[in-house]
Amino acid sequence: MKKTNFFLSLLALALVSSCRTSDELTTEPTRQEEVHNKTVNVTHHDGRPFSTGNGSGSAQSKFTAGPGGGVLMQGFYWDVPEGGNWWNTVKDKLTAWSTAGIGAVWLPPASKAQNGAYSMGYDPTDYYDFGDFNQNGSTETRFGSRAELEALITKAHAENMQVYADIVINHNSGGQSEANPFTGTNTWTNFSGVASGKFQRNYNDFYKNSYGNNDEGAFGGFPDLCHANPHVQDWLWGREDSVAKYYKNVMKFDGWRFDYVKGFGPWVVNTWNSNVGGFSVGELWDSNVNTLEWWANNANSSVFDFAAYYKMDEAFDNGNLNALNDDMMWKRNPYKAVTFVANHDTDIIYNKMPAYAYILTHEGYPTIFYRDYEEWLNKERLNNLIWIHNNKATGTTSILYTDNDEYIARRNGYNGNPGLVVYINTSSSWQERWIETNWSSQQIKDFTGNSSWYPTTQGDKWVKIQCPPNSYSVWSLNL
């Protein structure tokens, strides 16, 4: 029920004896009518924040997140401008991103791919060519030169940020044709001429081959890399100059975003991580939370929370905030869930600001999409939510109320940090609700500035809060 008539307001005033501000006494509802009678404790753990671990090399001590954990920036979008200047573009934004509270940047695949200077990197040819060899029609990649990439990474570390490499190890592209005895045809699987001279491959490094006919999945007709082959394993993570160790120890990447992990077993990422370390997240494009949890556990890796992504679309674009009660990866294991509102592959959520309010006040590792931050949405409002995430979004999560167009949840605090209450309202009018906090007889405020109220919680921790139409408010102790 959204509104209470004058007589119920008078009844409420008669029943409540505690002193409140004049704002609180306006059209005051009774709790029994306005609040669901059951708080749902969504997560159960010791309350510690999400952590990405340490970075690489001498930069290890630099990476420390705030009480709420860190925020990740996806530092690209599909078809960023050609011309080899993208690394410089990102580098020039790092100081502002770090100042805003963003702790890591995820870069597109950095090595030379089949389409050379025109490729977004997802058709890899030479894992060791970062724009320093003339092959596939260009020396630089679409994004720039190796020197420019190294300058970006150095600058990120100086700005107290981590850098994650997008790793495409399901498939390769750009090899030469060779006779393949396993197919009886010619296949584009001869990578013996890669300009770096490292990780040379032939038909026996791709399915079908002497190790079998196929693995868990192939992509787009590209040669499907065979992770069962010891030669492939050695070059991906075993050798001192393997792809993984070279990226981490020479190029100074701090972690990994694994592309299309449906295409190979989770043991591949698990083995990579156990040999090399660094933060890890897999792109398992699946809305089934059981599948996401299974993969994350077996890969020993975080995973993008596609379950939350599709539920947010249902909630914020289709008038059903009750969908946020449904299961998501961050509810199963917040320490292995990377949440997001959009990325370079999929951008279906139209009503994005409440979605960002959701992921930046809830558990998991929230990701901000470059174009949302730099081009499409209100950067000041996003920066406010980033600050709230880093400083107030602490502890376990309890859902306090939902209906079709209202959602209220509480972060329960951790290690002396009081946590918060987030109120999302997709209706066309202001809404007010009584909710139970963790704070007794203390003044709170809305840290978004959307509400001018400064209510004081009752001795029994209850308080009335409000939320503007088609917006959100985030409440915590006025400290």
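**Helices and strands, one feature at a time**

Colleague: Which residues of helix 6 meet helix 7?

Modeller: Val 243, Ala 244, Lys 245 and Lys 248 meet Trp 272, Asn 275 and Val 276 of helix 7, contact being heavy atoms within 4.5 Å. Helices (H or I, at least four residues) and strands (E, at least two) are DSSP runs numbered from the N terminus. This is a predicted model, where local features need pLDDT of at least 70 and side-chain atom pairs 80 or more, while totals for chains, interfaces and linings use all residues. Residues are numbered from 1 along each chain as its sequence is written, and side-chain values use heavy atoms, without hydrogens or water.

Colleague: At what angle do helix 6 and helix 7 pack?

Modeller: Axes are lines fitted to C-alpha atoms over the stretch in contact, with angles from 0 to 180 degrees between N-to-C directions. Here helix 6 (residues 243-250) and helix 7 (residues 266-276) pack at about 40°, their axes 10 Å apart.

Colleague: Which strands pair with strand 3?

Modeller: Pairing takes at least two DSSP bridges. Strand 2 (residues 72-74) runs parallel to strand 3, joined by three bridges, and strand 6 (residues 162-167) pairs with strand 3 in the parallel sense over four. Trp 106 of strand 3 is the bridge partner of Gln 74 and stands opposite Tyr 164 in strand 6.

Colleague: Are the faces of strand 3 buried or exposed?

Modeller: Buried means under 20% relative accessible area, exposed over 50%, partly exposed in between (1.4 Å probe, protein chains only). In strand 3 (residues 104-107), Ala 104 and Trp 106 on one side and Val 105 and Leu 107 on the other are all buried.
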